[in-house]
Amino acid sequence: MKLSELLVAPRVLLSLLDRSRTRSGYPDSAALTHSLERATDADALGYHRFWVAEHHAVPGIGSGSPAVLLAAIGAHTRDIRLGSGGVMLPNHQPLIVAEQFLMLEALYPGRIDLGLGRSLGFTEPVRQALRRSKDAPDTFASDMEEVRRYLDGSAAVTARPASQTGVPIFVLATRTGLKVAAQLGLPVVVGGPMLGVGSTDRVDALDEYRRAFRPTDTHPEPYVVVSLEVAVADTTDAARELLIPEAYALAESSRTGEFPPLASPDEIRRAPRSDRNARRIESFKASALHGTPVEVKQQLHDLAERTGADELLASTSTYDRDALALSDRLLREVI
């Protein structure tokens, strides 16, 4: 079967989420340089968006401040949209978030997105450092609405620099987040194993989001971004190899409570591995899209059919940066 014989819905856009993953043998600062370099490549390849993440005091992730990193990336890119996947709103005052992203929009007009999430710190000491508690009231919906009012200029005070075009808001959604997004008429970003290759049923929560969606002037229709690990290589085995470092890190975080830097596959093969870890790694690989370009194109077609996705946000991380660059290029050629 020829690649051209497989169709992915032409309306599906293709974007990247880069979490500034640290790598064994490299300083934390290299993770930020690597993100910047990947963004410039994604811009040249014609990706729609390049998003970065917010994590605090996590050994495996170098970026704790999306707005600062996006300012640097914006200076080295030209066309690609830039955004956060996401800013964790419980950690911030809504006015400060709005000011940061209005400033980015003023610097790089028409290119800035604001993805908002509700996750707290990874561990209790981190939550304490962020002055957050699991028992704190859930003000996510009202805080998000406040951010939106600052961005569109309808709040009691005017966030500066004022924008004529505004900054689109996306909700990083759990099932509860989908309900909030529908009520506020906002696009959603969803991910997880239920959306992976092994899932055969439509996602009921997405259908409910579309049914409950309240149109606004800014977003007259629901919009779904699906975020998944995607690895593309010349062979299926090579693509599976790309998934191992991230799969191993997630398995280790479940075992130790600490999310580690990416290790090389050779280093991972030498490390002791329990049956539980092995099962977690296999489960991760099964939930990701991976394979040759022909195989991934078919998987993308199935995913689009199953979820009705408007956009794919590939969240791939791996140790080998050359292999990651090739995967990004091959994925871009698929759509």
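**Entry 1: helices 1 and 2.** I began with helix 1 (residues 28-45) and helix 2 (residues 66-74), whose axes come within 10 Å and cross at roughly 45°. Axes here are lines fitted to C-alpha atoms, for helices over the stretch in contact, with angles running from 0 to 180 degrees between N-to-C directions. Helices (H or I, at least four residues) and strands (E, at least two) are DSSP runs, numbered from the N terminus. Helix 1 and helix 2 are therefore oblique to each other; angles under 35 degrees count as roughly parallel, over 145 as roughly antiparallel, 65 to 115 as roughly perpendicular and the rest as oblique. I noted the crossing of helix 1 and helix 2 as right-handed, meaning that the near helix is turned clockwise from the far one by less than a right angle. Leu 32, Ser 35, Leu 36 and Ala 39 of helix 1 meet Leu 69, Ala 72 and Ile 73 of helix 2, where contact means heavy atoms within 4.5 Å. I sorted the residues of this contact into six nonpolar, one polar and no charged. Ala, Val, Leu, Ile, Met, Phe, Trp, Tyr, Cys and Pro count as nonpolar, Asp, Glu, Lys and Arg as charged, and the others, Gly among them, as polar.

**Entry 2: ground rules.** I reminded myself that this is a predicted model, where local features need pLDDT of at least 70, side-chain atom pairs count only at pLDDT 80 or more, and totals for chains, interfaces and linings use all residues. Residues are numbered from 1 along each chain as its sequence is written, and side-chain values use heavy atoms, with hydrogens and water left out.

**Entry 3: helices 8 and 10.** I then turned to helix 8 (residues 236-256) and helix 10 (residues 275-287), which pack at an angle of about 130° with their axes 8 Å apart. That angle makes helix 8 oblique to helix 10. The crossing of helix 8 and helix 10 is right-handed. Among the residues in contact I found Leu 243, Ala 247 and Arg 255 of helix 8, and Ile 281, Phe 284 and Lys 285 of helix 10. The residues of this contact divide into eight nonpolar, two polar and seven charged.

**Entry 4: the cores.** How many residues has the largest nonpolar core? I read off 64, and Phe 50, Phe 101 and Leu 331 are among those with the most contacts inside it. Such a core is a set of buried Ala, Val, Leu, Ile, Met, Phe, Trp, Tyr and Cys residues joined through side-chain atoms within 4.5 Å. Buried means under 20% relative accessible area, exposed over 50%, partly exposed in between (1.4 Å probe, protein chains only).

Entry 5: Most residues other than glycine have a negative phi, and most peptide bonds are trans. I found a cis peptide bond joining Gly 85 and Gly 86, with omega about 5°. Another cis peptide bond joins Arg 160 and Pro 161, with omega about 0°. Ser 20 has a positive phi near 50° and is buried, at 1% relative accessible area. Ala 57 has a positive phi of about 55° and is exposed, at 70%.
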